[in-house]
Amino acid sequence: MRAAGVGFRAAATAEEITAALAPLGRLDALATLPAKAAALRAAVAPLGLPVRAVEVAGVPTPTRAPRILAAHGTGSVAEAAALVAAGPGARLAVPRRICPGGVTVALALSEGETE
C-alpha cells in the first residue's frame, strides 16, 4: 500500500492539494485528520482515491513542528497520517514536503511494499 498523508490549511484549493500529491506517483489511499477528511474527499474526488480519516496523536514522526505537536500530539500530520494509513510496519518513503497553498504531504509504504 502506498498511502499519502495530507495536512492542509482551510484556504488550500483543490488544485494546490492535487499538485502537491502529483510528485508522489501512484497512490492507493490518502489520509488526514478526521476534521479535514470531508474537505480532502471533495478536493481530490476526481482522483478516485479513498480518503481515510485517521487519529495521529502519539504517532512518532521524524519531523517535529512544535505548533503541530501542540495542536495534534504528533510532529507532522502528513507523516503520521501516512504511517497510520499504510498500516503496521509502514515506513516513510517521502518525508514531509511543504508545498504551496499551505499543503503538506508525505508518503508511507506498507511493510513489504517497494518503491
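This is a predicted model: local features need pLDDT of at least 70, side-chain atom pairs count only at pLDDT 80 or more; totals for chains, interfaces and linings use all residues.
Which helix gives the most to the lining of the largest pocket? Helix 3 does, with three residues. Residues are numbered from 1 along each chain as its sequence is written, and side-chain values use heavy atoms, leaving out hydrogens and water.

Let us begin with that pocket (on a 1 Å grid over the protein atoms alone, an open set of points where a 1.4 Å probe fits, with protein on both sides within 12 Å along at least five of seven lines; lining residues have an atom within 4 Å of a point). The space in the largest pocket is about 360 Å³, a volume filled by probe spheres set on the points. Its lining has 18 residues, and G7, F8, R67, I68 and T104 lie nearest the centre. Strand 1 (2-8), helix 3 (66-72), helix 4 (77-86), strand 4 (91-99) and strand 5 (103-109) each supply at least two lining residues; helices (H or I, at least four residues) and strands (E, at least two) are DSSP runs, numbered from the N terminus.

Now to a pair of charged side chains. The whole structure holds one salt bridge, meaning a side-chain nitrogen of Lys or Arg within 4 Å of a carboxyl oxygen of Asp or Glu. The partners are D28 and R26, with their closest N and O atoms 2.8 Å apart. D28 is partly exposed at 28% relative accessible area, and R26 is also partly exposed, at 47% (partly exposed lies between buried, under 20%, and exposed, over 50%, with a 1.4 Å probe and protein chains only).
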